[in-house]
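Please look over the model shown here with the following notes beside it.

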Amino acid sequence: MAYATTALTLSLATITLGLLWTAPRFMTWRQLRKLRRVKPSRKNMDDQYDAKYAASEASSPDGPVRIKAIFIHPVKSCGPVEVDRAVVTKTGLQYDRCFSFAVDSDEKKSDDARTLQFISQRTKPKMSLIHAELWLPHDESSSQDLLVHAGGAVRLTFPDPDPASFMQRIQACIEQMSWNATPQYSFIVPLTPTIRYLPESELKPTPFTIHYREAHGIDMGRITAVAAALPKLKKLLGYPERRTLTLFKCTPDTLTRTDKNLAPLSNIGSRAVHGYTDQQPININSVRSVQAVSRMLPRENQPLNALRFRANLWIAGAAAYDEESWKRCRIVPKAPRTHKMDSKLATTLSVVCRTSRCTMPNVDPAAGTFSAQRPAEGKKKGLPQPTTTLVAERTVEDGNKAALGYLGMHAVPEDRDLEAARKRREKLVVCVGDEIEVLERGQHLYGSTGDLY
């Protein structure tokens, strides 16, 4: 009897290990074994609905203004990566919006790459279900590893849109440790494409469109792992097979100069540039400001998840909307610097304008669907939220006629701090827990600076 029980236990363990070994996420994890996943010591936005953030706009600050949480979004419009620290560069936080998906026009007449247009949650809300992980080399990483040589990787995971076999469902349950788990598909994208991944002829940037501007990037859709994932992504996002979908990577040679809401050169030193962000390098938002908006929403749309607004730096300690008067601020190191190359220098930002919102905050990031209030009597559909409330309550200026309300602030790093860190051969970083000093205040009007350069 004991022998039979032992044999059965070993058989089940062998089957379980076999299923786990061939599970999609475990297979990609094995490829990442020479890297280390970047993740926070705790989820800093878990308490965003706490009553301490519900104070009104007129209330006094509850202590020093500090960085509550930091997020980067490696792939534009996909899931964010929360971090405890982030390296500040001229283009914003390192690894933020350095990839972008793009699709061809439905009326495409040729294979010309210029017909490709970036996609976002504005039209494809299920992009919020594409979760990103950032994996980077560490001190013990082998330089012979392909992904170490590429500077690290982004792993993207999303619900597998193809019908799942019984075995795949069992794998998903084991992998996710949940009986109702949905099978997931994972693939890896190297951070720096090299000739080890693409022929030299394919490393030349090609154009695509972000809103109304021409952007450029390396077409990562030619990498085997990415190419294999694209058909599934088409199904997830609702594109027919005939459409072209690919992933672009921004490089130092494909950066875009900011052409509106320009910070004075006397502050920032040289013109602001950015990768695949819409206009500015860094976005700041306040938990208290979001919760002030949340209280204005219909009851069924409360509470409002701040992560719908996709900021880089989330602040706490200031009154609601206080950040809208900032013109310059200094991030003062208070949290311990745990990396040996991290500078203890402060980071100064020029705050250039309010963030004019689009429809993206209407997307529930957990469900990948648009949110709306309860339909009025006799109506089939409810009004979109929080956009309807933002337009009514947060159209606090008229600088951008297309704005669907305003919430959050755009900012640009100042060169002098970047240069000081560079001279010390250090990295300029911001960390959760750092304090923020407001250096200058003033009025903001979106687009008021014109083309000052």
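The numbered points below go from the strands to the rings and then to the charges.

1. Basis of the notes. The model is predicted, and for that reason local features need pLDDT of at least 70 and side-chain atom pairs count only at pLDDT 80 or more, whereas totals for chains, interfaces and linings use all residues. Residues are numbered from 1 along each chain as its sequence is written, and side-chain values use heavy atoms, with hydrogens and water left out.

2. Strand β9 and its neighbours. Strands here are DSSP runs of E with at least two residues, numbered from the N terminus, and two of them pair if DSSP finds at least two bridges between them. Strand β9 (residues 153-159) pairs in the antiparallel sense with β8 (residues 131-136) over five bridges, and seven bridges join β9 to β10 (residues 184-190), also in an antiparallel arrangement. A153 in β9 is the bridge partner of W135 and stands opposite P190 in β10.

3. Burial of β9. Six of the seven residues of β9 are buried, which leaves the strand mostly covered; buried means under 20% relative accessible area, exposed over 50%, and partly exposed in between, with a 1.4 Å probe and protein chains only.

4. Rings of Phe, Tyr and Trp (its six-membered ring) pair if their centres lie within 6.5 Å, with planes under 30 degrees apart counted as stacked, over 60 as edge-to-face and the rest as tilted. By this rule there are four aromatic pairs. One of them is F158 with F187, an edge-to-face pair at 6.3 Å centre to centre and 75° between the planes, which links β9 to β10 across 29 residues of the chain. Both F158 and F187 are buried, and F158, Y185 and F187 form one aromatic cluster.

5. The pair of F208 and Y276. These two rings are also edge-to-face, at 5.4 Å centre to centre and 80° between the planes. F208 lies in strand β11 (residues 206-210) and Y276 in the loop between β15 (273-274) and β16 (282-286), so the pair ties together parts that are 68 residues apart in sequence. F208 counts as buried because its relative accessibility is 1%, and Y276 is buried with a relative accessible area of 1%.

6. Charges over rings. A charge sits over a ring if NZ of Lys or CZ of Arg is within 6 Å of the ring centre and within 35 degrees of the ring normal. K124 lies over the face of Y239, at 4.4 Å from the ring centre, while R394 lies over the face of Y321, at 3.9 Å from the ring centre.

Definitions and conventions:
Helices (H or I, at least four residues) and strands (E, at least two) are DSSP runs, numbered from the N terminus.
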